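Me: I would like to learn how to read the surroundings of a ligand and the strands beside it. Could you take me through one case?

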Amino acid sequence: MTGLRVVESATQPTRTSVERCQVLGVLNVTPDSFSDGGRFVSLAAAVARGIELVRQGADIVDVGGESTRPGAVRVDEAEEARRVIPVIHALSAAGVRVSVDTMRASVAEQALDAGAVMVNDVSGGLADPAMLPLIAASRTRCVLMHWRAHSEVMDAFADYHAVVDEVGVELSMRVDAAFAAGVRADSIVLDPGLGFAKSAAHNWSLLAGLPVLRDLGFPLLIGASRKRFLADCVDHGGLAADSPLDRDDASSAVAALAAAGGAWGVRVHAVAPAAAAVRVASRIAAAGTGGR
Ligand code: PMM
């Protein structure tokens with residue numbers, strides 16, 4: 001595998017097989033996200049949903065104010081902040097661990113001030129040159145996701161010869177950029193970015209390639225929930241169309257398998273079944289290490 005760098009595990013946060021995979025519950029405060037857009041746009045509805053996600057088993061609530069579905073047009077910075085900051089403030093004040101799903105350093109900074117404990121940047125620091133320096137200065141945990149272009153045009157970039165290797169190399173480049181900005185190794189979580197400039201076949205290959213991506217030496221987050229490629233696995237009972245909500249069972253199956261495969265976390269909309277799935281994986285892993 002040329003170019004794919006494996007980081008020495010001694011300097012990286014390690015995750016033993018019995019630690020439980022983290023569940024990130026998705027809270028999109030957007031009018032237009034593909035599966036939950038428009039449901040939680042009022043502050044009260046969004047906060048109530050965030051608390052409900054924790055009750056269902058979310059370890060972290062991932063709050064986003066900008067849709068990244070294929071073809072989505074960007075919102076401006078002020079509008080994104082207006083959507084997410086009050087929600088993050090209220091949830092953090094209620095004791096919820098919140099991450100902010102944003103590509104903008106200014107929004108991330110306001111979110112950290114409002115109590116967020118993690119920054120989830122789907123562009124891996126590519127969209128805003130101020131993001132990695134902010135992560136370094138704040139010493140906050142960050143998710144660097146594999147990303148090639150903004151959602152409006154990303155489908156044109158779904159071109160790979162060997163998707164797992166190429167995503168690994170491109171993630172390693174983001175790690176290098178993060179290190180150059182002063183980000184600490186133990187702050188970094190990597191994410192292959194399922195659905196972002198990826199075809200269905202690419203997404204399946206990346207899931208199959210989880211062990212290769214783990215060899216990069218960083219915790220891995222997997223975001224398959226409700227994505228279009230899962231429609232293949234859904235029996236529509238004879239109906240032609242499916243909706244994103246029909247993909248929750250398949251999403252939970254991916255959560256279980258990702259957890260069993262050593263993922264640090266899964267990002268899901270339907271938290272309760274995914275929380276059960278990762279706990280099942282954790283029980284099996286624990287039994288396997290000491291039950292004989
Ligand atoms: N997917 C979406 C949004 N944010 N963040 C990470 N780290 N990984 C993902 O796969 C990811 C993400 C798009 O899904 P949504 O519109 O349902 O939130």
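The dialogue below turns to the ligand and then to the strands.

Reply: This is a predicted model, in which local features need pLDDT of at least 70 and side-chain atom pairs count only at pLDDT 80 or more, while totals for chains, interfaces and linings use all residues. Residues are numbered from 1 along each chain as its sequence is written, and side-chain values use heavy atoms, with hydrogens and water left out.

Me: Which polar side-chain atom lies 2.7 Å from an oxygen atom of the ligand?

Reply: A polar contact is a pair of N or O atoms within 3.5 Å. The atom in question belongs to H269, while a polar side-chain atom of N120 lies 2.8 Å from a nitrogen atom of the ligand. With accessible areas taken by the Shrake-Rupley method with a 1.4 Å probe, the ligand alone exposes 410 Å², of which the protein buries 98%.

Me: Are the residues of β8 buried or exposed?

Reply: Strands are DSSP runs of E with at least two residues, numbered from the N terminus, and buried means under 20% relative accessible area (1.4 Å probe, protein chains only). In β8 (residues 265-268), G265 and R267 on one side and V266 and V268 on the other are all buried.

Me: How many bridges join β1 and β8?

Reply: Two strands pair if DSSP finds at least two bridges between them. β1 and β8 pair in the parallel sense over four bridges, with V268 in β8 as the bridge partner of G25.

Methods:
A polar contact is a pair of N or O atoms within 3.5 Å; within protein, one must be able to donate a hydrogen and the other to accept it, and residues adjacent in sequence count only if both atoms are side-chain atoms. Buried means under 20% relative accessible area, exposed over 50%, partly exposed in between (1.4 Å probe, protein chains only).
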